[in-house]
Amino acid sequence: MSVLPTVASPAAALRVDYVDAPAPVVLADPRLLAVFGFGATAPAHLDDPRYLHVALPVHGTAPLEAWRVEAEVTCGREDGIAWSTGGGLQFGALEVVDDGDSEATAAAAYARLQRWLAASDHPHPLRIWNYLDAITAGEGDAERYRRFCVGRARGIGRALAPGELPAATAIGHPQPTGRFQLYWLAARDAGTPLENPRQVQAWRYPRQYGPQPPGFARALLPASTAMPLLVSGTAAVVGHASRHGDSLEAQLEEILANLHSLIATARAHRPTLPPQPGPDARLKAYVRDAEALPRVDAWLAAHLPDVPRIVLHGHVCRRELRVEIDGCHA
Ligand code: 3EB
């Protein structure tokens with residue numbers, strides 16, 4: 001009988017960068033887990049499953065977003081899911097036709113994601129992005145985002161415990177694409193979902209925001225200290241209410257207060273995280289009105305000059321929210 005030594009797998013490491021290079025150059029790196037192109041000038045499709053196009057217009061010319069790990073990456077396409085794995089992490093993406101019923105679309109997509117994760121050796125979703133058309137079309141509980149929340153919960157098929165919630169973003173394409181796009185970062189090891197003391201937990205939102213509270217955590221702290229804090233889409237929500245519907249700049253200030261509050265929460269778990277977003281943070285802003293993109297870019301340049309950023313034209317899931325920011329912090 002031979003006894004194999006138990007080798008602990010090395011801690012997962014993830015580096016997120018915004019890079020000005022052609023996608024094929026970025027894809028040549030065997031340790032590249034995923035690369036994202038934004039807007040009309042990025043390739044709409046590449047054969048490499050690690051490339052994903054996000055159909056949100058950009059301010060100026062956006063760089064690519066590259067996710068790198070410290071191991072060789074393998075990748076493929078299976079059952080319509082593009083995937084890659086390496087270093088304890090997995091990227092996955094799926095896209096489905098959205099014929100207008102955002103509840104049915106989300107239910108089908110999330111049921112596929114659940115089946116995929118359950119069969120995967122990377123079963124823990126840390127971070128999920130959702131991009132859908134016409135996110136705030138429809139009135140009251142018929143609004144497409146509210147139906148999306150119902151469908152997402154139905155597709156997952158069981159109530160997630162607070163300790164299982166991923167960090168997430170849900171943004172609307174400003175122009176119809178006919179498609180719902182879902183992509184994720186999953187891991188072998190579960191992380192710690194974090195909440196923001198300035199905000200009601202989204203999963204406890206009161207009934208006025210729809211029949212199904214959205215199932216996401218405000219941020220997720222991965223188990224590995226070689227990974228950044230993963231920050232959900234963060235808007236000018238305090239308690240459960242939207243603030244400053246009349247002012248883009250006031251909403252940006254509220255978002256920054258929310259980001260600082262989340263970082264303070266994360267630092268209680270991991271004191272080595274910097275207290276402010278700096279050169280090792282990465283932020284993406286989603287802006288509802290195209291005319292406001294330069295103002296958001298200028299505001300970020302003035303208030304967070306050291307933080308690399310991408311400014312995108314996208315609709316936040318409440319009409320009065322003019323801007324939302326997500327990203328990572330290290
Ligand atoms: C909010 O604070 C803004 O439904 O997955 C942010 C991040 C928002 C994720 C989601 C929604 C989601 O409620 C909206």
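The largest pocket is the space taken by the ligand; a pocket is an open set of points on a 1 Å grid over the protein atoms alone, with protein on both sides within 12 Å along at least five of seven lines, and a molecule sits in it if more than half of its atoms lie within 2 Å of its grid points. The model is predicted, with local features needing pLDDT of at least 70 and side-chain atom pairs pLDDT 80 or more, while totals for chains, interfaces and linings use all residues. Residues are numbered from 1 along each chain as its sequence is written, and side-chain values use heavy atoms, without hydrogens and water.

The ligand is surrounded by 13 residues (a heavy atom within 4 Å), and the closest are Y145, R152, Y205, R218 and C317. Oxygen atoms of the ligand lie 2.5 Å from a polar side-chain atom of Y145, 2.7 Å from a side-chain N or O atom of R152 and 2.9 Å from one of R218. Of the 360 Å² that the ligand exposes when taken alone, the protein buries 99% (Shrake-Rupley method, 1.4 Å probe). Helix 3 (144-156) and strand 9 (167-173) each give two or more residues to the shell, and strand 9 provides the largest share, three residues.

Q90 lies in strand 7 (residues 89-97); strands are DSSP runs of E of at least two residues, and helices runs of H or I of at least four. Q90 counts as buried because its relative accessibility is 2%, buried being under 20% (1.4 Å probe, protein chains only). Its side chain makes a polar contact with that of W184 at 3.1 Å (N or O atoms within 3.5 Å, one able to donate a hydrogen and the other to accept it). Beyond neighbours within four places in sequence, the contacts of Q90 (heavy atoms within 4.5 Å) include L33, W116, H122 and W184.

Conventions
Buried means under 20% relative accessible area, exposed over 50%, partly exposed in between (1.4 Å probe, protein chains only). On a 1 Å grid over the protein atoms alone, a cavity is a set of points where a 1.4 Å probe fits but cannot get out, and a pocket is an open set with protein on both sides within 12 Å along at least five of seven lines; lining residues have an atom within 4 Å of a point.
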